[in-house]
Amino acid sequence: MKQSWRPKEEPPTLFAGLVNQVKSNTGQYHGQYLDPLEKQDSRSFVEKYGRCQEVIGRGSFGVVRISHKKIGSINEEVSSITNDEILYAVKEFKRKPQELEKKYSRRLTSEFCISSSLKHVNIIDTLDLLKDAKGDYCEVMEFCSGGDLYTLIIALGKLEYAEADCFFKQLIRGVNYMHDMGVSHRDLKPENLLLTQNGILKITDFGNGECFKMAWEDDIQLSEGICGSSPYIAPEEFSQSSFDPRGVDIWSCGVIYMAMRTGRQLWKLADAKKDEFFQEYLVKRKDATGYEPIESLKRARCRNVIYSILDPKPERRINGKQILNSEWGREIKVCEAGEGKHN
């Protein structure tokens, strides 16, 4: 269960405040923001984004389709141009069983509020939120023709260090920007990392995202409860009633790196009471011979950082900026496309 958001006396920033208000169903912007139809222009979906065709993804949320817009008048927010058409990814959300309309609306607009406010080369560009004729929400995003990182790992078995390092550095850049904006993802995994044709990595799916800090606050709001996909969940989620959500995201990044390099999950659950593989990791990381999957990484500079990312004690865990400033982080070469503008 996510931490509930309490109204603050001080005026929130537009970004953090909107997240707060959408989630808590309060605030002066609530009525006008919650209904995306009020913000739509007079053009139809087809006029703006073309026609939805093939399904490229399925999940518990619904389906993702590619929308093809013929190039006649170029849309300002170009996603991916192919021959004489622009491609967009359209995520069609289905209401959960027994989910009330109000809760469904709040859930989807909360995700849109977060994702559409984040503008970074390593975060998916979310363009629009609309309702279809059946009353279901559709989220329009840039289309990434390279698929997701999970599919790439499965196809190749595992990634070589140069490729994995390139993706990892892009991931940390995106996470650092997100954290600087006061947002945590809470569900980082290879399936939620999309790739462009040129190798740019993009973080997507902010359905579990949280705003943990307002711009005017010095202290962060701690998160509560277990959230995310089992192998990527940080150990403090199982052992602490509240925790810093930034460390949770960083832990997930470390597990993702090991998945890229080894092609497998290190454990099913980062809970020593329930998972013998994680228990083995806790023992071996202290041993002189180390933990074999991490020790198999040939470069000591890389191994040291991964051990620091996967430190079971969150207060000792390295953060994103420290990762990029480490000797290993600085020497990682990112592909030319991935070296776009970034913070």
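Hi everyone, let me start with Glu-236, which is buried at 1% relative accessibility (buried is under 20% relative accessible area, exposed over 50% and partly exposed in between, with a 1.4 Å probe and protein chains only). A quick word on the source: this is a predicted model, where local features need pLDDT of at least 70, side-chain atom pairs count only at pLDDT 80 or more, and totals for chains, interfaces and linings use all residues. Residues are numbered from 1 along each chain as its sequence is written, and side-chain values use heavy atoms, with hydrogens and water left out.

So, what does the side chain of Glu-236 meet in a salt bridge? The partner is Arg-317, at 2.8 Å from N to O; a salt bridge here is a side-chain nitrogen of Lys or Arg within 4 Å of a carboxyl oxygen of Asp or Glu. Arg-317 sits in the loop between helix H11 (300-309) and helix H12 (320-325), while Glu-236 belongs to helix H7 (residues 236-239), so this pair ties together parts 81 residues apart in sequence. Helices (H or I, at least four residues) and strands (E, at least two) are DSSP runs, numbered from the N terminus. Arg-317 is buried too, at 8%.

Next, please find Asp-136 and Lys-94, whose closest N and O atoms are 3.4 Å apart in a salt bridge. Asp-136 is buried at 15%, whereas Lys-94 is partly exposed at 34%.

Then there is Arg-246 with Asp-244, a salt bridge at 2.8 Å. Arg-246 is partly exposed at 33%, and Asp-244 is partly exposed at 26%.

Finally, Lys-91, Glu-111 and Asp-205 are linked in a salt-bridge network. The whole structure has 24 salt bridges.
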